Amino acid sequence: MPGAAGKLGLALAGLVLFALLSLSVGPGDFTIAEVFAWLAGSAGDAKADSILGSLRVPRILLALLVGGSLGCAGALTQGLFRNPLASPSVLGLPTGAATFVVAGFAFGLDAKALWVTPLLAFTGAFVMLLVLFALTAGRRDATMLLLSGVALGALMGAITTCLLALRLEQWDLARRSLAWMMGSFDGRGWSHLRWAGPPMGLGLVLAFTLHRGLDLLY
């Protein structure tokens, strides 16, 4: 049986393999051989450069980065609560981020610049953290933090539903909000990766520095 390092190596190899294979999935009629030839730089053309280089590659890289960040956030939450079933949703952080983003969609703030939506999501999650710290100040019991997060998450979820219900005539608002909350990468490209990559990369590095302290909680 492979050890921990061997299992990690197999997992990373499988991840890279499936990421490469996914480049051939979707409209465009690219075979796996054509994809690998394009990646090797021996079979480039305008169609491949447009579909693979401008659309699929940045979306796959962004999906890998987002998935890794979410997984890391889950691992940190599990270490904090000493529970393998815990996730950031128990603190209400994703719900707070979604509320701010949906509000930005409703008031047209996202149309101003590319960075507005990520900033709104970060602000929503950060505000939730500040409220949680205020509610649990001076208390070391993780149960209070957990219950406060669940209650705040339910409150923010209700606010999000209210925002959508008050604008039922705006069909595009519901579509965009649902797509964002489900994690759609539609319309994402290199510009989104340039904006999102550095903060998520920095977060992953900082999270790695916390793992030893979280391990001591067990």
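User: Happy to be looking at this with you! What distance lies between the end C-alpha atoms of α6, and what span should its 24 residues have?

Analyst: Welcome! In this predicted model, the 24 residues of α6, taken at 1.5 Å a residue, should span 34 Å. The end C-alpha atoms agree with that, as they are 34 Å apart.

User: Which residues of α6 are buried, and what covers them?

Analyst: Buried here means under 20% relative accessible area. In α6, that applies to L145, S148, G149, L152, G153, M156, T160 and L163. The cover over these buried residues includes α3 (46-81), α4 and α5 (116-135).

User: How are α4 and α6 oriented to each other?

Analyst: Helix α4 covers residues 93-106 and helix α6 covers residues 142-165. Their axes come within 8 Å and cross at roughly 20°. Angles under 35 degrees count as roughly parallel. The two helices, α4 and α6, are therefore roughly parallel to each other.

User: Which residues make that contact between α4 and α6, and how do they divide by class?

Analyst: From α4 come T95, G96, A98, T99, F100, V102 and A103, while α6 brings G153, M156, G157, I159, T160, L163 and L164. Some of these α6 residues are also buried, among them G153, M156, T160 and L163. By class, the contact of α4 with α6 has 8 nonpolar, 6 polar and no charged residues.

User: What is the orientation of α4 and α5, and what is the handedness of their crossing?

Analyst: The axes of α4 and α5 are 7 Å apart, and the helices pack at an angle of about 140°. Roughly antiparallel would need an angle over 145 degrees. The pair α4 and α5 is therefore oblique, and its crossing is right-handed.

User: Which residues of α4 and α5 make the contact, and how many are nonpolar, polar and charged?

Analyst: On the α4 side there are L93, G96, A97, F100, V101, G104 and F105. On the α5 side there are T117, L120, A121, T123, G124, A125, V127, M128 and L129. The residues of this contact of α4 with α5 divide into 11 nonpolar, 5 polar and no charged.

User: Let's step back to the whole chain. How many helices and strands does the chain have, and what box do its C-alpha atoms fill?

Analyst: There are 8 helices and 0 strands, so the elements run α-α-α-α-α-α-α-α from the N terminus on. Of the 218 residues in the chain, 29% are buried. Along the principal axes, the C-alpha atoms fill a box of roughly 60 × 55 × 25 Å.

User: Where is S22, and is it buried or partly exposed?

Analyst: S22 is found in the loop between α1 (4-21) and α2 (32-39). S22 and V57 are 35 residues apart in sequence, and their C-alpha atoms are 9.5 Å apart in space. As for accessibility, buried would need a value under 20%. S22 has a relative accessibility of 28%, so it counts as partly exposed.

User: What does L204 touch, not counting residues up to four places away in sequence?

Analyst: L204 lies in helix α8 (residues 190-215). With a relative accessible area of 28%, L204 is partly exposed. The C-alpha atoms of L204 and M182 are separated by 22 Å, with the two residues 22 apart along the chain. Leaving out residues up to four places away in sequence, L204 touches L65, G68, S69 and C72.

Terms used:
Residues numbered from 1 in each chain as written. Predicted model: local features only at pLDDT ≥ 70, side-chain atom pairs only at ≥ 80, totals over all residues. Heavy atoms only, no water. Axes fitted to C-alpha atoms, helices over the stretch in contact; angles between N-to-C directions. Helix = DSSP H or I, 4+ residues; strand = E, 2+ residues; numbered from the N terminus. Parallel < 35°, antiparallel > 145°, perpendicular 65-115°, else oblique. Contact = heavy atoms within 4.5 Å. Nonpolar A, V, L, I, M, F, W, Y, C, P; charged D, E, K, R; others polar. Buried < 20%, exposed > 50% of the residue type's maximum accessible area, 1.4 Å probe, protein only. Expected span 1.5 Å × (residues − 1). Left-handed = near helix turned anticlockwise from the far one by under 90°.
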